[in-house]
Structure formats: structure tokens, C-alpha cells
Amino acid sequence: QVQVVESGGGLVQAGGSLRLSCAASGSIVSIDVMGWYRQAPGKQRELVAIITKGGSTTYADSVRGQFTISRDNDKNTVYLQMNSLKLEDTAVYYCYTNIRTSSFRPGTNYWGQGTQVTVSS
């Protein structure tokens, strides 16, 4: 069994900062990719940022230079530092992980339950 639990969302004024955390636990052999997606009301879920086990990162154009993704492999945790938040960053943020629970099978996608980020004017 694998659990993926997010924390750190909330209400912040425009221009402020928030840090999201996501920790994976359970029968984990390795985690290849960790990252964040978001879904705003009435919109499709979109990629925010992902990071590989080796530290390579990919960002959506809309957040590059504003958000920073990082991970602690020893803690199976991924972070998203969000600075200079804008109204359009309001969304439910979902943690994404690709986790191997066996050395003989490919990884499986696991998602967190989502954490609300609301940016107010």
C-alpha cells in the first residue's frame, strides 16, 4: 500500500508565498518522478512542475521563475515553493508520483487528495 499526502495549501494575498509539501509512504522501492499539477474551477488539470529522482526539473511556462520544485529522496517528499502568487494561481494542487513497489515491475502513478490554494486580491 502507498499513501501520498499533501500539506501546505491555504489562503494568501496576491504577491505572497506558500510552500506545498507532499510525502509518499508505504511499500516503496523507488520514486522515479514526483511533481505537481493543478486544476482551477472550470478548467482541466494542468502540469505545474515535475522533478526526477536525479533532480531534473520541468516547469509550465506560466510558473517558470515564480515556482520552485525540489525533493528530498530520503524522505520521499516533494516540495513546491510558490512566490509572487497571482489570482490566476488559485486552484486545487495535486501531488503526482510515479512509484515502484517492486523491482520487477514498472512504476505506478499515485495522486494526492489535493490541497486548495486560494490567492486573494
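Select Ser 84. Ser 84 is partly exposed, with a relative accessible area of 46%. (Buried means under 20% relative accessible area, exposed over 50%, partly exposed in between, with a 1.4 Å probe and protein chains only.) Ser 84 sits in the loop between strand 8 and strand 9. Its phi is positive, about 50°, although Ser 84 is not a glycine. Most residues other than glycine have a negative phi.

This is a predicted model, in which local features need pLDDT of at least 70, side-chain atom pairs count only at pLDDT 80 or more, and totals for chains, interfaces and linings use all residues. Residues are numbered from 1 along each chain as its sequence is written, and side-chain values use heavy atoms, with hydrogens and water left out.

Next, Asn 76. Asn 76 lies in the loop between strand 7 and strand 8. Phi of Asn 76 is near 50°, again positive in a residue other than glycine. At 22% relative accessibility, Asn 76 counts as partly exposed.

Strands here are DSSP runs of E, at least two residues, numbered from the N terminus. Strand 7 and strand 8 (residues 77-82) run antiparallel and are joined by six bridges. Two strands pair if DSSP finds at least two bridges between them. Pick Ser 70 and look across: Tyr 79 in strand 8 stands opposite.

Four strands form an open sheet, in the order 1-3-8-7, with antiparallel pairing. Its edges are strand 1 (2-7) and strand 7 (67-72), each pairing on one side only. Neighbouring strands of this sheet are turned by 15° against each other on average, direction ignored. (Axes are lines fitted to C-alpha atoms, and angles run from 0 to 180 degrees between N-to-C directions.)

Move to strand 4 (residues 30-39) and select Arg 38. Is Arg 38 buried or exposed? At 5% relative accessibility, Arg 38 counts as buried. Its side chain makes a polar contact with the side chain of Glu 46 at 2.8 Å. Another polar contact joins the side chains of Arg 38 and Asp 89, at 3.0 Å. (A polar contact is a pair of N or O atoms within 3.5 Å; within protein, one must be able to donate a hydrogen and the other to accept it, and residues adjacent in sequence count only if both atoms are side-chain atoms.) Leaving out residues up to four places away in sequence, Arg 38 also touches others, including Val 48, Phe 67 and Tyr 93. (Contact means heavy atoms within 4.5 Å.)

Step to Tyr 37, partly exposed at 22% relative accessibility. Tyr 37 and Tyr 96 form an edge-to-face aromatic pair, 5.9 Å centre to centre with 70° between the planes. (Rings of Phe, Tyr and Trp, the last by its six-membered ring, pair if their centres lie within 6.5 Å; planes under 30 degrees apart count as stacked, over 60 as edge-to-face and the rest as tilted.) Tyr 37 lies in strand 4 and Tyr 96 in strand 9 (residues 91-100), so the pair ties together parts 59 residues apart in sequence. Tyr 96 is buried, at 13%.

Trp 111 is in strand 10 (residues 108-111), so the pair with Tyr 37 in strand 4 ties together parts 74 residues apart in sequence. Ring pairs link Tyr 37, Tyr 96 and Trp 111 into a cluster.

Finish on Arg 45. Its charged end sits over the ring of Tyr 94, 3.7 Å from the centre. Arg 45 also lies over the face of Trp 111, at 4.8 Å from the ring centre. (A charge sits over a ring if NZ of Lys or CZ of Arg is within 6 Å of the ring centre and within 35 degrees of the ring normal.)
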